[in-house]
Amino acid sequence: MTLKKPTIWIVATGEPVPFVAEESRDRYLRAGKLSEYFAAQGYDTVWWTARFNHNSKSHRNVNADVLVKSNPGQPDLVFLGSSGYRSHIGLARLRDHWQLGRNFRRLAPSLDRPDVIFCSYPTVELAYEAVRFGKKYGIPVIIDVRDLWPDVIYERLEQIVKIRVNGMLVPYERMARYVFKHATAVTAISTGILNWAQTRFQRPESKISRDASFYQFKQEAPAPGGGAEEKEYFKCQGIDLDADITRFVWVGNIVPDTDADALLEAIEKLPDEVARKLEFVICGNGSLVERVKKMSKNHPHLKYAGWVNAKQITALMTRSHIGLLCYLDRLDFRISIPNKVLDYLDGECRILTNLEGEIDVVCKGTDAVIRYPTGNVDALTELFSQIAASPDHFRQKFETGKAIFREHFWSDRVLPQIEEFILSNIKQDKERKNQG
């Protein structure tokens, strides 16, 4: 007789939902890949997400606040209703997140109870409601920390209002302390972020031994990556993927909340004899896109390729040489590993960055990282010139990157580790109840 596998709720918003037709070409991120993995393994899996699409700033064409049954081998879905927002920062986003928490609180008791809840943090509200629900019904709740809320909110608010606001979001402070006091276990996307959560919210010492960190993960890109359709896409953007040139690539949002200003100024300053040997391809959305488009008209070595899907990213990475990781020198960036790093290493690219911290942990003992001082346009311009002068070295694919990727970020390696961790917490919780 085959034993029934546990029922798992995964609670996370802000990601693409590739199970929806209009997002089927988008890549699976952390919650999406976990949902796909557990459903394929035969677990009854429910992914709680939002009807509002954070990336497109629009509402998905699905029913809100109902359980959507999926095909066998795929997770069921719940799209929580909310009003949405236009800006990443503002009262509208706070209201939206409050609505998500409220609707989870209303709907969760009406569904069949799970054996475990794996919930992303943030949002603070959903994490709070998930832990409250788990505590009420005796269900273990694992909180998966991905970002430093509310600290990053304080930092951005202070840039706007020019006064110290740290600690002023009292409801968030209280909810966060409750979450980390009562969560069965805590995971995080890096050791640094895990340590931050445990310390920042005074997680009880008796529970810390149950916590663990698991890096972001993705499937290994197929070789050689990119067929005729992908090459044609980039050709239409003015990019010849087979050109004999040293190619830099940026994949992700290009916004002022990065060191993009320094990057763009350095690209703009390059002498013609250097620029002819290099190509900078920027993919993604953000408030600086119009500036990039305008620059590209006068600087042919700068290309904007729009928002790219998973296959297009693979095609680009397998024909690029250096990934750009130009962020502000902030704690949340230093102790994290952005998703673009996974793409760079999987594509056997070196990484040009100003950051020190978690990236040095995973790349230790290699020459994967090319570093420059944050905001230093002249140093960055000189570095580009040095790279242009050494094509034989920098146009070679960086095979060590693939080894780093497989060790730390390969989904075939990380997903079974998370599965084992979740099952261990279910087992420990049952043993504790039996003893009690």
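Predicted model: local features only at pLDDT ≥ 70, side-chain atom pairs only at ≥ 80, totals over all residues.

Colleague: What makes Cys236 exposed, and what makes Cys119 buried?

Modeller: Buried means under 20% relative accessible area, exposed means over 50%, and partly exposed lies in between, with a 1.4 Å probe and protein chains only. Cys236 has a relative accessible area of 59%, so Cys236 is exposed. Cys119 has 0%, so Cys119 is buried.

Colleague: Why is Lys33 called buried?

Modeller: The relative accessibility of Lys33 is 9%, so this lysine counts as buried. Lys33 is found in helix α1 (residues 30-40); helices (H or I, at least four residues) and strands (E, at least two) are DSSP runs, numbered from the N terminus. Leaving aside residues up to four places away in sequence, Lys33 touches Tyr28, Phe217, Gln219, Ser411 and Leu415, where contact means heavy atoms within 4.5 Å.

Colleague: Why does Ser390 count as partly exposed?

Modeller: Ser390 has 30% relative accessibility and therefore counts as partly exposed. Ser390 is found in the loop between α16 (377-388) and α17 (391-394). Its C-alpha atom is separated by 9.4 Å from that of Thr246, 144 residues apart along the chain.

Colleague: How do you know that strand β11 is mostly covered?

Modeller: In β11 (residues 246-251), 6 of its 6 residues are buried. Thr246, Phe248 and Trp250 point one way and Arg247, Val249 and Val251 the other way, all of them buried.

Colleague: What makes β11 and β12 a pair?

Modeller: Two strands pair if DSSP finds at least two bridges between them. β11 and β12 (residues 278-283) have 6 bridges, in the parallel sense, and Thr246 stands opposite Leu278 in β12. On β14 (residues 322-325), 2 bridges join the strand to β11, and the two run parallel; here Val249 stands opposite Gly323.

Colleague: Why are β5 and β10 placed at the edges of their sheet?

Modeller: The open sheet of 8 strands has the order β5-β6-β2-β1-β7-β8-β9-β10, with mixed pairing. β5 (67-68) and β10 (212-213) each have a single partner strand, so one side of each is left without a neighbour in the sheet. Within this order, β8 (residues 141-145) and β9 (residues 185-188) pair in the parallel sense over 4 bridges.

Colleague: What makes a space a cavity, and how many of 30 Å³ or more are found?

Modeller: On a 1 Å grid over the protein atoms alone, a cavity is a set of points where a 1.4 Å probe fits but cannot get out, and lining residues have an atom within 4 Å of a point. Points are joined across faces, edges and corners, and a volume is the space filled by probe spheres set on them. The search finds 1 cavity of 30 Å³ or more. The residues that line the largest cavity include Leu325, Phe333, Arg334 and Glu358.

Key
Residues numbered from 1 in each chain as written. Heavy atoms only, no water. 1 Å grid on protein atoms, 1.4 Å probe; cavity = no way out; pocket = protein on both sides within 12 Å on 5 of 7 lines; lining within 4 Å.
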